[in-house]
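Trainee: Could you take me through this structure feature by feature, giving the general idea each time and then the case at hand?

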Amino acid sequence: MTETPANQPKLEIRIIPVTPLQQNTSMIWSTETKEGVFVDPGGEIDKLMGAAEQFGVKIVAVWLTHGHMDHAGAAAAVAERTGCPIIGPHEDDQWLLDEIETQGAKYGIKDGRNVKPDRYLHDGDVLDLAGNKFGVVHTPGHTPGHVVIYSQEGGLAFVGDVLFRGSVGRTDFPRGNHQQLIDSITGKLWPLGEQMRFVPGHGPLSTFGQERQDNPFVADAVTGYEGTEKQAPDEISQKLSKRWS
């Protein structure tokens with residue numbers, strides 16, 4: 001049997017933008033077993049399954065960060081085609097998963113389907129993909145049941161719509177909470193390390209360290225984040241900053 005070279009990555013990833021909202025669906029798979037997962041399959045099931053076929057990936061799970069239709073719309077279809085379980089988000093987002101079809105119609109997205117996960121996720125849970133461990137943190141604010149899934153070993157986090165390059169998730173949707181979102185970012189994400197790269201739900205990748213430097217909502221200069229103690233946030237700077245839309 002040929003041994004895997006020591007420097008070969010254990011996991012590979014491809015980002016597949018889907019739906020008119022250009023949501024970043026991530027396909028992650030083990031280079032050893034070819035078992036993979038879709039993180040936030042928002043729509044365009046044929047496009048997603050075509051990518052899996054192209055790379056020879058067997059989809060063994062769907063992982064959801066939150067319940068918005070552009071992130072979860074194709075979860076039921078993926079599960080039907082592959083027989084895989086749907087895992088996440090936190091149960092506080094089930095009300096959104098129950099409204100995927102209604103919400104999708106407002107954006108002209110007709111292939112989204114309501115879904116009930118096989119398993120909800122909670123703070124501190126661990127997910128496994130072919131022996132590769134992923135941590136989970138509950139990060140409410142954008143939605144009440146939002147979670148972030150991360151690989152400490154791989155230095156990569158899937159943050160859904162909590163954080164973007166230069167911005168943060170919207171909180172003007174039902175059950176959104178701006179200060180809760182900021183607290184989730186500084187309290188749950190920053191402790192994972194400045195070098196942690198992240199895949200946002202929309203737009204380009206970045207690192208937590210970069211956002212702590214210059215993100216107008218959550219830069220350390222705005223939030224007062226010091227690692228342990230924090231001063232009062234500069235709420236005026238936050239409110240004057242451009243929102244992600």
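Predicted model: local features only at pLDDT ≥ 70, side-chain atom pairs only at ≥ 80, totals over all residues.

Trainee: In what order do the 5 strands of the open sheet lie?

Mentor: Helices (H or I, at least four residues) and strands (E, at least two) are DSSP runs, numbered from the N terminus, and two strands pair if DSSP finds at least two bridges between them. Here the order is E1-E2-E3-E4-E5, with mixed pairing. Strand E1 (11-18) and strand E5 (86-87) each have a single partner strand and stand at the edges, so one side of each lacks a neighbour in the sheet. E1 runs antiparallel to strand E2 (residues 23-30), and 8 bridges join them; within this pairing, Ile13 has Ile28 in E2 as its bridge partner.

Trainee: Which strands does E7 pair with?

Mentor: In general, the side chains of a regular strand alternate between the two faces of the sheet. Strand E6 (residues 126-129) is joined to E7 by 4 bridges and runs antiparallel to it, while strand E8 (residues 147-151) also pairs with E7 in the antiparallel sense, over 4 bridges. On the E8 side, His138 has Val147 as its bridge partner. The hairpin of E6 and E7 has 2 residues between the strands, and Ala130 takes a positive phi near 50° there.

Trainee: Is E7 mostly covered or mostly uncovered?

Mentor: A residue is called buried under 20% relative accessible area, exposed over 50% and partly exposed in between (1.4 Å probe, protein chains only). By that scale E7 is mostly covered, with 6 of its 7 residues buried.

Trainee: What kind of contact do the side chains of Asp128 and Lys133 make?

Mentor: The general idea is that side chains of opposite charge can pair when their charged atoms come close. A salt bridge is a side-chain nitrogen of Lys or Arg within 4 Å of a carboxyl oxygen of Asp or Glu, and the structure holds 12 of them. Asp128 stands opposite Lys133 in E7, and their side chains meet in a salt bridge with an N to O distance of 2.8 Å. Asp128 is partly exposed, at a relative accessible area of 42%, and Lys133 is exposed, at 52%.

Trainee: How many aromatic pairs does the structure hold?

Mentor: Rings of Phe, Tyr and Trp (its six-membered ring) pair if their centres lie within 6.5 Å, with planes under 30 degrees apart counted as stacked, over 60 as edge-to-face and the rest as tilted. The structure holds 4 aromatic pairs. In one of them, the rings of Trp63 and Phe134 have centres 5.0 Å apart and planes at 70°, so the pair is edge-to-face. Since Trp63 lies in strand E4 (residues 58-63) and Phe134 in strand E7 (residues 132-138), the pair ties together parts that are 71 residues apart in sequence. Both Trp63 and Phe134 are buried. Elsewhere, Trp190, Phe198 and Phe208 form one aromatic cluster.

Trainee: What should helix H6 span, given its 12 residues?

Mentor: The expected span of a helix is 1.5 Å times one less than its number of residues. For H6 (residues 178-189) this gives 16 Å, and the end C-alpha atoms are 16 Å apart, which agrees. Among the buried residues of H6 are Leu181, Ile185 and Thr186, and Thr186 has a relative accessible area of 6%.

Notes
Residues numbered from 1 in each chain as written. Heavy atoms only, no water.
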